[in-house]
Amino acid sequence: MISQRLVIKYPPRLIDKPVLCRLTRDFNLDFNILRAQVSPETGGLMVLEVSGEPASYEAALQRLEAEGISTQMLSRDVVWDESRCTQCGGCVSQCPSGALSAAPGSHLVSFDTNKCVACEYCILICPVQALQIHF
Amino acid sequence: MIRTVQEINEKIKAGKAVVMNAEEVIKFVEDNGVRKAAETVDVVTTGTFGPMCSSGMYVNVGHSKPRIKIGGGRCTLNEVPAYTGFAAVDIYLGCTALPEDDPRNKVHPGRFRYGGGHVIEEFVAGKDIRLVAEAYGTDCYPRKKLDTLINIRDVNEAVLFNPRNVYQNYNCAVNLSSKTIYTYMGALKPRLGNATYCSAGQLSPLLNDPLYRTIGLGTRVFLGGGIGYVVWQGTQHNPDVKRKPNGVPAAPAGTLALMGDLKQMSASFLRGASFTGYGATLVVGVGVPIPILDEQMLLHTAVRDEEIYTQIVDYSSAYPARSPDTLGEVNYRELRSGRIQVNGKEVLTGSLSSYPRALEIANQLKAWIAQGRFFLTEPAVCLPGPDSGVRFKPLNERPVVAQLPESFVQEGGLR
């Protein structure tokens with residue numbers, strides 16, 4: 001079993017197609033939608049947590065790509081710039097998923113992309129713009 | 001008195017001074033007792049790294065050919081307006097200044113992505129900055145327009161001059177209202193959704209010398225990665241607040257005005273910052289060395305987070321209305337634990353001031369002293385203390401009435 005957080009983007013022509021349910025029906029994968037934004041002008045953008053057998057997962061990604069749906073690991077789209085971060089820790093109490101946390105004692109901040117749900121709240125509140133999102 | 005500043009400096013010169021940061025000294029006192037610790041430790045270093053809005057830089061940009069008198073005219077640095085009310089080519093840029101066309105809070109909350117603090121950070125980092133100036137022109141300064149790149153390498157003087165830094169303690173902010181508010185204490189979620197605070201606590205300079213016995217005018221400090229000096233008490237310096245028996249104020253109290261050569265400083269310790277819905281500012285790193293003159297000073301520097309209290313203030317109502325109400329007291333150990341109790345509710349806490357960077361600054365200063373590169377100073381004048389009579393005054397507004405010349409009134413002009 002593997003579990004990955006993915007950002008998928010699809011063009012406007014696919015917004016009326018049942019794209020995601022095939023992940024379950026054809027590939028026996030579980031998916032959980034963390035965020036979704038669909039419009040006839042810009043197409044669709046979703047953040048998904050997908051889990052299942054590695055072989056099925058790979059095959060599903062290939063199918064999505066073949067249909068014109070781009071997939072990217074969420075960890076490549078939400079970026080914490082450690083050199084810009086001042087380690088104030090202000091984001092930690094505001095991060096709803098616990099992706100941003102501070103080590104007990106040292107109070108050093110770290111970012112776990114596997115927990116991030118791309119809510120973008122940290123981007124609103126980080127005073128030094130240490131977090132960026134590249135959807 | 002165990003030792004004088006002069007004796008400490010002789011030990012620094014000989015490479016024999018015992019220096020600890022304000023965290024290490026706590027453990028040292030616990031292990032060795034106050035008397036032995038006071039006899040052993042010469043200097044305790046402190047640090048803080050947080051947003052400090054009363055910060056800015058003045059620059060003498062040099063004279064163009066032909067000359068221009070920017071003084072009394074207008075100028076911008078990377079489109080951020082700087083103050084020109086000085087001589088021909090001296091300008092001052094404050095860190096909260098914003099470009100003319102920044103939308104500010106027109107669409108609330110504004111983002112304030114670039115302001116004076118960001119210009120200062122880039123200037124210190126050695127990046128070229130665009131200077132645009134307009135002048136009225138005089139016989140000796142005929143030029144009326146200037147549009148050029150400037151660099152910190154080339155200007156005559158670049159000086160960080162901050163009228164208020166290093167607040168001795170600060171409020172813990174919460175929001176009792178029913179909507180999110182955007183403040184200089186960060187975004188505060190409704191109905192006590194979170195709490196923010198801003199102090200390095202046990203590492204913070206003025207919390208380690210709570211009665212201003214060693215920090216005063218002329219004190220040499222770590223400022224923005226370089227060397228600076230205390231040049232006055234900071235604005236709003238308010239020594240007359242409620243204090244605990246250890247002398248530590250339980251509310252925002254003393255402040256420092258600081259100054260130093262920007263050319264020696266580093267962008268790692270001067271960072272432009274943006275507070276959503278509030279504005280732009282500068283995050284400033286400051287470290288102050290405290291000479292252990294006697295056991296009392298050692299006790300002051302051994303203060304722990306759990307012995308430093310502050311007030312919990314509602315920023316949706318009490319703060320903007322300037323009401324003195326507080327929701328209770330909390331100490332920095334509780335704040336740093338990540339959760340506190342307010343009105344019977346558990347509230348998550350977040351810091352605006354960086355404890356890890358404060359520690360880094362205290363350690364950097366410690367290293368400078370240990371290497372014989374930094375010597376301590378005695379204050380030329382002490383800061384106003386709790387009994388000085390100095391108080392933080394509010395602005396009491398008075399109605400404006402038309403002022404008529406006295407002669408006019410005497411001659412019976414008003415009939």
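Me: What share of the residues in chain A is buried?

Reply: Chain A has 135 residues, and 35% of them are buried. Along the principal axes, the C-alpha atoms of chain A fill a box of roughly 50 × 35 × 20 Å.

Me: How should I read the confidence, and where in chain A is it lowest and highest?

Reply: Where pLDDT is low, the predicted coordinates should not be read in detail. In this case the average pLDDT of chain A is 92, and 100% of the residues score at least 70. Helix H1 of chain A (residues 21–25) has the lowest confidence in the chain, with a mean of 88, while strand E7 of chain A (residues 109–111) has the highest, at 96.

Me: How many helices and strands does chain A have, and in what order do the elements run?

Reply: There are three helices and eight strands in chain A. Read from the N terminus, the order is β-α-β-β-α-β-β-β-β-α-β.

Me: Which strands form the open sheet, and in what order?

Reply: Sequence order and sheet order are separate things to read. The open sheet has four strands of chain A, in the order E2-E3-E1-E4, with antiparallel pairing. Strands E2 (30–39) and E4 (70–73) of chain A are at the edges with a single partner strand each, so one side of each has no neighbour in the sheet. From one strand to the next, the twist averages 20°.

Me: How many bridges join strand E1 and strand E3 of chain A?

Reply: Nine bridges, in the antiparallel sense, pair E1 (residues 2–10) with E3 (residues 43–52) of chain A. As an example to find on screen, A:Ile2 has A:Gly52 in E3(A) as its bridge partner.

Me: Where are the domains of chain A, and how far apart do their centres lie?

Reply: Domain 1 of chain A covers 2–76 and domain 2 covers 78–135. Their C-alpha centres are 25 Å apart. Eight residues of domain 1 and seven residues of domain 2 of chain A take part in the contact. On the domain 1 side, E1, E2 and E3 of chain A are the elements that give two or more residues. That side has five nonpolar, one polar and two charged residues.

Me: And the contact between chains: how many residues does each chain give?

Reply: The size of an interface is often given as the accessible area lost when the parts come together. Counted by residues here, chain A gives 16 residues and chain B gives 23 residues. The side of chain A that touches chain B has seven nonpolar and nine polar residues, with no charged residues.

Technical notes:
Residues numbered from 1 in each chain as written. Chains lettered and ligands numbered in written order. Predicted model: local features only at pLDDT ≥ 70, side-chain atom pairs only at ≥ 80, totals over all residues. Contact = placed C-beta atoms within 7 Å. Nonpolar A, V, L, I, M, F, W, Y, C, P; charged D, E, K, R; others polar. Buried ≥ 20, exposed ≤ 12 C-beta atoms within 10 Å, placed from the backbone. pLDDT = per-residue confidence, 0-100. Pairing = 2+ DSSP bridges. Axes fitted to C-alpha atoms, helices over the stretch in contact; angles between N-to-C directions. Domains from an automatic or database assignment.
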